[in-house]
Amino acid sequence: MFSWSNKEQGGRNKESEMFQTVTEGLQSLYTKKLLPLEEMYLFHEFHSPALEAADFQSKPMVLLVGQYSTGKTTFIRYLLEQDFPGMRIGPEPTTDGFIAVMYGENEGVVPGNALVVDPKKPFRKLNAFGNAFLNRFICSQMPNQVLQSISVIDTPGILSGEKQRISRGYDFSEVLRWFGERVDRIILLFDAHKLDISDEFSEAIRAFRGQDDKIRVVLNKADQVDTQQLMRVYGALMWSLGKVINTPEVVRVYLGSFWAKPLQNTDNRRLFEAETQDLFRDIQSLPRNAALRKLNDLIKRARLAKVHAYIISHLKKEMPSLFGKEKKKEELISRLPEIYTTLQREHHISPGDFPNVTKMQEQLQNYDFSKFPSLKTKLIESVDKMLANKIAGLMTMIREEESKQPPQMVTGGAFEGAQDGPFGHGYEEGIRAGADAEDWIVSRDKPKYDEIFYTLMPVNGKISGGNAKKEMMNSRLPNSVLGKIWKLADCDRDGMLDDEEFALAQHLIKIKLEGFELPTELPDHLVPPSHRKNPIADTLYNHEED
């Protein structure tokens, strides 16, 4: 059990809060510290609905977004390795609604209207989008090992051309914004043959403003083009993304073919395997980082709520008491960018913490500024204390929980067996090559290395470091890398190399030149035979010594 207290002078406990878990602590801080500020200044009407218990206790969620036929539903099926209720796959726009794929003991589908009244599911606030949305929202439940750790949200295929003008009947971008604030990872899927970003897709990506750290990009069906075409496709995708994702950092793009079918073009198989493992590791880490993500989102929400309170109270202060209210309201709305600048200077707020000025101007048209509340400094101070003191306590709890529990990872489905066995990534490659072989793998090329060794004038079967350096420098590897190879190859630490040690050094140079990493310690299967310890001989020797 963890606790921290605010104490008055004299040592009396004015406020004592004791939390069993980080989740409980987050929920308590939100309810007691942040929620009163949000309710006072109509935060939920302007920005985001209030958080509930299910928002803090839910499993990590992954949101898939992309144009139709880019493989979103197939990607989910690939991860789960089984069909899920409500799944439809085809080249036409098949998924016409949102599907929350979640764990359940019994396989089945829960319709949207029933879903938003379930207090155990984090979707109750979606009720605000009305029947037009709820009729196209279902929860697909099934007993699957992957879903015990994460939930996946499938979205309708984003339309392009004339089709995008067809009204969906609900605000698609706002629904995506709602999910974007609550999920742990947003995956944008592109097809190697569908790189254009339509107007609706641009709006969808802009809906994730402020969630840039959650976004990952997958270039799917990359096996359908050859290497030269893939380079051009990748460059075109990065150019298109640069126009809609306004961040100085380059977004992470994973290349691959995410379905259980043979690759059409195997030239880049190794690249696709490496990219797949990187993406899997990113998804597998979500349960471990879930508490930290929720903490981060709570901090972002608190900062926005503070800024919103300053904006609303400032508008209230500027309003006349009797006449000319409408005229003053129009003036204040038009001057909102100037008000933002004023508040930045007055309260030392970063420009990035302010909401979108255009959207804020549109929303303010529907409110009577004279009915806005004035600034309540106690509410602001309470949130400031939470950010300054309480959050630090929760950070400590997160680290303590991580140290006491084994790391949580997503298992099952496509994640099962992807690491170990002969089909795991990197098996029999690089430093791991020869691990299962009976012979010393270096001996296969040793005759070639011996020819070089004997040209270096060995003395008593060994060459000096100076002579070895001349030959090793021919690889053009940096000195820092060659120095590491020397330490690994000089097994007896005598500053010289015998024929086996020299062959090992050449083998390690070959591994590095092929693009693989070097180990920090030499694996057992690479130790030269003459330098391996004989446990039976060691036992007999120690016995004789005794």
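Student: What is the accessible surface of the protein, and how much of it belongs to carbon and sulfur atoms?

Tutor: Accessible areas come from the Shrake-Rupley method with a 1.4 Å probe, and for residues only the protein chains shown count as cover. Here the accessible surface comes to about 28200 Å², and carbon and sulfur atoms hold 50% of it. Please note that this is a predicted model, in which local features need pLDDT of at least 70 and side-chain atom pairs count only at pLDDT 80 or more, while totals for chains, interfaces and linings use all residues. Residues are numbered from 1 along each chain as its sequence is written, and side-chain values use heavy atoms, with hydrogens and water left out.

Student: What share of the residues counts as buried?

Tutor: A residue is buried under 20% relative accessible area, exposed over 50%, and partly exposed in between (1.4 Å probe, protein chains only). Of the 546 residues of the protein, 47% count as buried.

Student: How many helices and strands are there?

Tutor: Helices (H or I, at least four residues) and strands (E, at least two) are DSSP runs, numbered from the N terminus. The protein has 20 helices and 12 strands.

Student: Which residues have a positive phi although they are not glycines?

Tutor: Most residues other than glycine have a negative phi. Two cases may be examined here. E81 has a positive phi of about 60 degrees; E81 stands in the loop between α4 (72–80) and β4 (98–103) and is partly exposed, at 49% relative accessible area. R476 has a positive phi of about 65 degrees. The loop between α17 (465–472) and α18 (479–489) holds R476, which is exposed with a relative accessible area of 78%.

Student: Where does G461 lie, and which residues does G461 touch?

Tutor: G461 lies in the loop between α16 (446–455) and β11 (462–464) and is partly exposed at 41% relative accessible area. Not counting residues up to four places away in sequence, G461 touches F453, L497, D498 and D499. From C-alpha to C-alpha, G461 and D498 are 5.9 Å apart in space, although they are 37 residues apart in sequence.

Student: What does the side chain of Q284 reach?

Tutor: The side chain of Q284 reaches the backbone oxygen of V410 at 2.9 Å. Q284 is in helix α10 (residues 269–284) and counts as buried, at 7% relative accessibility.

Student: How many cavities of 30 Å³ or more does a search of the whole structure find?

Tutor: Rolling a probe the size of a water molecule over the atoms shows where empty space is left. On a 1 Å grid over the protein atoms alone, a cavity is a set of points where a 1.4 Å probe fits but cannot get out, and lining residues have an atom within 4 Å of a point. The search finds one cavity of 30 Å³ or more. About 40 Å³ of space lies in the largest cavity, whose lining includes E52, K121, F123 and W178. Both α3 (53–57) and α7 (172–182) supply at least two residues of this lining.

Key: On a 1 Å grid over the protein atoms alone, a cavity is a set of points where a 1.4 Å probe fits but cannot get out, and a pocket is an open set with protein on both sides within 12 Å along at least five of seven lines; lining residues have an atom within 4 Å of a point. Grid points are joined across faces, edges and corners, and a volume is the space filled by probe spheres set on the points. A polar contact is a pair of N or O atoms within 3.5 Å; within protein, one must be able to donate a hydrogen and the other to accept it, and residues adjacent in sequence count only if both atoms are side-chain atoms. Contact means heavy atoms within 4.5 Å.
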